[in-house]
Amino acid sequence: MARIYNFSAGPSMLPEPVLREAQADLLDYQGSGQSVMEMSHRSKWFDAIIQDTEATMRRVLNVPDNYKIGFFQGGATQQFAMVPLNFMTTGQADYLVTGNFSKKAAEEGAKFGQADIVASSKDKNFTYIPDVATLPYHKEASYIHICQNNTIFGTKFADIPQVAGVPLVADMSSMIFSEPTDVSKYGCIYFGVQKNVAPAGMAVAIIREDLLGKSAKGIPAEKIPTMMNYTTLLGSDSMYNTPPCWCIYMTGLVMNYLEKEVGGLAEMQKINAAKAKVLYDYLDSQDFYNNPVEHKYRSMMNVTFTSPNADLDKAFCADAAKAGFLNLKGHRLVGGMRASIYNAMPPKGIDDLVAFMENFRQANQ
Ligand SMILES: *Cc1c(COP(=O)(O)O)cnc(C)c1O
């Protein structure tokens with residue numbers, strides 16, 4: 001069996017030990033005589049799975065007691081709408097637009113009230129993050145929304161906005177669990193799981209309790225569609241209806257892996273920083289490939305680069321795929337290449353990619 005290196009931005013690689021554990025459990029989950037895919041979400045086995053998954057996530061991310069964790073369908077994109085619908089109590093919120101996903105989030109926000117774009121890095125094709133300390137935030141903002149790691153453009157916030165009395169809401173889809181996070185600095189963190197956690201099909205939101213029980217200005221709480229209502233869904237422990245059982249189970253396995261095998265997020269960060277350094281150091285050491293991102297804002301998870309022209313980009317991706325490096329084509333908004341090097345990408349995957357890049361450079365420069 002040959003496993004390839006999958007550099008996709010998502011769905012992406014999962015840790016091999018986790019896949020093996022899922023395989024071992026597949027036909028008979030812990031003596032239940034059935035797989036997790038088949039069992040009732042109200043069974044004692046699944047009840048233990050969802051409770052353990054949440055408890056382990058709380059330990060791994062060090063989630064304070066006054067935050068609730070919810071598992072939702074609809075991906076991170078649905079969170080773009082759930083956030084304003086549930087939290088835009090003043091009818092206004094501040095959005096930082098640092099890429100395509102934060103733009104989409106702001107567009108959803110504008111459906112429920114006034115979504116003010118207090119900063120944008122569009123002027124330089126999203127290759128940097130505006131200085132968060134000097135922005136014209138609004139006192140009456142219900143929240144400030146950021147996308148902390150920009151999956152498509154390969155940037156990440158170096159600092160996060162902190163405004164007294166205004167909760168920070170962050171889409172952390174493509175960086176969650178890549179490093180320790182101080183959850184207490186946020187009102188809400190949400191992420192789709194298919195980038196750095198589990199298979200596609202679920203989003204997680206971690207919400208400070210005092211933000212619950214409200215709704216957007218002009219929309220009474222009881223008019224929020226049930227499946228969009230954080231308060232209802234969290235009030236029933238993410239079991240209001242049938243939850244994404246398999247995704248929750250896989251998330252639990254990954255949390256367990258992070259805690260027991262990796263040794264926590266500080267360890268994960270060391271591994272990720274070392275991996276990213278190998279790739280960025282190589283990019284900085286030659287003049288065939290170029291990474292356009294301002295160094296301070298380089299993402300540890302998504303690394304973009306171009307070769308001298310579009311034809312060579314195409315040849316690079318084709319040759320790379322033949323050599324077992326998959327999904328390196330950049331997003332259509334950026335072009336070139338993008339290597340997504342999430343938690344589950346082994347360090348050897350980066351070393352081998354850099355060796356391949358150097359061979360390609362020598363053959364084509
Ligand atoms: C992938 C991604 C999304 C979209 O996630 P879906 O689960 O496909 O809705 C949103 N935000 C960020 C930062 C992403 O990387």
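I set my burial classes before anything else: buried means under 20% relative accessible area, exposed means over 50%, and partly exposed lies in between (1.4 Å probe, protein chains only). This is a predicted model, so I note that local features need pLDDT of at least 70, that side-chain atom pairs count only at pLDDT 80 or more, and that totals for chains, interfaces and linings use all residues. Residues are numbered from 1 along each chain as its sequence is written, and side-chain values use heavy atoms, with hydrogens and water left out.

**Overall build**

I looked up the secondary structure and found 9 helices and 13 strands. Helices (H or I, at least four residues) and strands (E, at least two) are DSSP runs, numbered from the N terminus. The radius of gyration is 21 Å, close to the 21 Å of the globule rule for 365 residues, so the protein is as compact as a globular protein of that length. That radius is taken over C-alpha atoms, and the rule is 2.2 Å times the number of residues to the power 0.38. Along the principal axes, the C-alpha atoms fill a box of roughly 65 × 60 × 30 Å. I find 56% of the 365 residues buried.

I then checked contacts, meaning heavy atoms within 4.5 Å. Of those between residues at least 6 apart in sequence, 66% join residues at least 24 apart.

I took strand E2 (residues 67–72) next. Of its 6 residues, 5 are buried, so E2 is largely enclosed by the rest of the structure. E2 pairs with strand E10 (residues 203–208) in the antiparallel sense over 6 bridges. Two strands pair if DSSP finds at least two bridges between them. Lys68 has Ile207 of E10 as its bridge partner.

Strand E11 (residues 302–305) is covered on both faces. Asn302 and Thr304 are buried on one side, Val303 and Phe305 on the other. In a regular strand the side chains alternate between the two faces of the sheet. E11 runs antiparallel to strand E13 (residues 337–340), joined by 4 bridges. Opposite Phe305 stands Met337 of E13.

In helix H4 (residues 100–109) I list Asn100, Ser102, Ala105, Ala106, Glu108 and Gly109 as buried. What do these buried residues pack against? Their partners include helix H3 (75–87), strand E3 (92–97) and strand E4 (114–120). Asn100 has a relative accessible area of 16%. Leaving aside neighbours within four places in sequence, Asn100 is in contact with Ile152, Phe153 and Leu333.

Arg59 sits in helix H2 (residues 44–61). At 49% relative accessibility, Arg59 counts as partly exposed. I also looked at Arg59 against Gly264: they are 205 residues apart in sequence, yet 9.1 Å apart in space, C-alpha to C-alpha.

**Backbone spots**

Gly10 and Pro11 are joined by a cis peptide bond, with omega about -5°. Pro11 lies in the loop between strand E1 (5–6) and helix H1 (16–25).

I noted Asn125, not a glycine, for its positive phi of about 45°. Asn125 is in the loop between E4 and E5 and is partly exposed at 39% relative accessibility.

Ser238 also has a positive phi, about 60°, and is not a glycine. Ser238 belongs to the loop between helix H5 (230–235) and helix H6 (245–262). Is Ser238 buried or exposed? Ser238 is buried, with a relative accessible area of 6%.
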